[in-house]
Amino acid sequence: YKSVWFKYYWIKKTIQLGYTGNQYFQTLKLVILSLSMLIYRSTKPHFAVLGQVPNTHFYRNVSRFEGLLKTFEDVLIVRFDAELYFANISFFKDKLEEFVLKKGDKLKLILIDGESINSIDSSGIYMLKDVINKFENAKIEIAFSGMKGPVRDVLEKSGIMKKISYSNCFMSIQEAIDAYEERKKNKEIEGKYFKFIKQTNK
């Protein structure tokens, strides 16, 4: 009797351990799957082109309000809704170039709204430097608005702030647009009176 009971006991324990083991591996699979999905989504986060709600200081995604927002032929405003790190820098760069291509030859300013960027790693810094150099050679300025303190710290330490200058960093999108329009107006005035400014007696 004791022998039968002993065998039954260990068979039962083995089944219980096997079930617990299966539960463990199933849970582990779900955790790995969830992490994989999270990483995959972070490689291609939401990246929007923004336009102005008419007669306001609000800017929204042009693809959500097609035909209702004011856009500028020489300014591209974008918002990247994620941290900028090694897993999504290629997506950022490729998508930005796609937006620039669609904008056309009149583009003079790319304004990056950084309100949703919480951090930038070293890979993101190297990518931004490449992007800035590329568009600088194409006579297109890069400006930032709404950058958070920790992100500004990284940009400062990396030398990016010095490269683009603080005159191209703004508290808000509207402040950046106003400053750009003012500079453009001043350039037009300078161009208009250039022959008078340049005049000298030999």
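Guide: A salt bridge is a side-chain nitrogen of Lys or Arg within 4 Å of a carboxyl oxygen of Asp or Glu. In this predicted model, the side chains of Lys184 and Glu181 form such a contact, at 3.6 Å from N to O.

Visitor: Where do Lys184 and Glu181 lie?

Guide: Both belong to helix 6 (residues 173-192), where they are three residues apart, about one turn of the helix. Lys184 is partly exposed, its relative accessible area being 26%; Glu181 is likewise partly exposed, at 29%. Together with Asp74, these residues are linked in a network of salt bridges.

Visitor: How many salt bridges does the structure hold?

Guide: The structure holds nine. As a general idea, side chains of opposite charge can pair when their charged atoms come close. One case joins Lys134 to Glu97, with an N to O distance of 2.7 Å. This pair links distant parts of the chain, 37 residues apart: Lys134 is in helix 3 (residues 122-137) and Glu97 in helix 2 (residues 89-103). Lys134 has 42% relative accessibility and counts as partly exposed, and Glu97 is partly exposed at 26%.

Conventions. Residues numbered from 1 in each chain as written. Predicted model: local features only at pLDDT ≥ 70, side-chain atom pairs only at ≥ 80, totals over all residues. Heavy atoms only, no water. Helix = DSSP H or I, 4+ residues; strand = E, 2+ residues; numbered from the N terminus. Buried < 20%, exposed > 50% of the residue type's maximum accessible area, 1.4 Å probe, protein only.
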